Amino acid sequence: MEKSERYAYRDLKICTKDCLCLFVCPTGATDNETGQIDFDKCIGCGACAASCPSRAITMLPRVYPKQKVKDERVIKELFNNADSKIEQIKILKYLMSKSSNDDEKRLYKALIHSNKVMVEDMMREAGFMLPQSSDTNKLLISLRGKDEETFKIIDKLLDKLEVND
């Protein structure tokens with residue numbers, strides 16, 4: 001079977017394990033031990049996504065478009081904003097470490113999570129987190145760290161993502 005320009009991706013966090021995708025997938029790409037969809041088997045027909053009652057399956061492009069050139073002023077402001085959110089995270093982590101009140105700790109944890117999500121959303125919306133961008137490639141390389149397991153996971157990602165800009 002010929003593959004289309006897209007493939008299926010399952011978000012395991014929202015998957016309700018109804019498993020209708022197993023019955024409609026013509027290639028068996030949805031049936032594997034990890035719970036994720038086998039990209040190599042997926043032909044991109046979309047039957048699994050259409051049948052998923054929890055909407056946990058999304059169709060993604062196999063090749064992402066090249067990034068658009070960004071205005072330097074916008075880039076500067078974006079990174080200034082991201083830097084301020086990162087500073088807020090550092091302050092909140094410090095305050096959380098000094099607090100003995102469980103309600104305060106939960107509040108700090110929620111604010112930390114909120115700031116992380118905002119930074120990620122800003123970067124993605126600005127096109128800095130496209131899977132096949134050189135920016136994402138550089139970020140992944142910087143996250144390798146000293147942890148052997150993280151290094152292996154990131155190397156797998158880097159092998160799969162072709163930089164297209």
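## Salt bridges and a nonpolar surface patch

R73 and D71 are joined through their side chains by a salt bridge, with 3.1 Å between N and O. The model is a predicted one. R73 counts as exposed, at 64% relative accessibility, whereas D71 is partly exposed, its relative accessible area being 35%.

The count of salt bridges comes to three.

| Salt bridge | N to O distance |
|---|---|
| R73 and D71 | 3.1 Å |
| K90 and E87 | 3.4 Å |
| D103 and R106 | 2.3 Å |

K90 and E87 both belong to helix α3 (residues 72-98); because they are three residues apart there, about one helical turn separates them. E87 is partly exposed, with 41% relative accessible area.

The pair D103 and R106 is in helix α4 (residues 102-125), where the two residues are three apart, about one turn of the helix. D103 is exposed at a relative accessible area of 52%, and R106 also counts as exposed, at 53% relative accessibility. The closest N and O atoms of D103 and R106 are 2.3 Å apart.

Apart from the charged pairs, there is a nonpolar patch on the surface. L20, L22, F23 and V24 make up this patch, and together they have about 370 Å² of accessible area. V24 is located in helix α1 (residues 20-24). The relative accessible area of V24 is 35%, so the residue is partly exposed. A residue needs over 30% relative accessible area to be part of a patch, and V24, at 35%, therefore passes that cut-off.

Terms used:
Residues numbered from 1 in each chain as written. Predicted model: local features only at pLDDT ≥ 70, side-chain atom pairs only at ≥ 80, totals over all residues. Heavy atoms only, no water. Patch = residues over 30% accessible without salt bridge, like charges linked within 9 Å, V, L, I, M, F, W, Y side chains within 5 Å. Areas by Shrake-Rupley, 256 points an atom, 1.4 Å probe, with all protein chains shown as cover. Salt bridge = Lys/Arg side-chain N within 4 Å of Asp/Glu carboxyl O. Helix = DSSP H or I, 4+ residues; strand = E, 2+ residues; numbered from the N terminus. Buried < 20%, exposed > 50% of the residue type's maximum accessible area, 1.4 Å probe, protein only.
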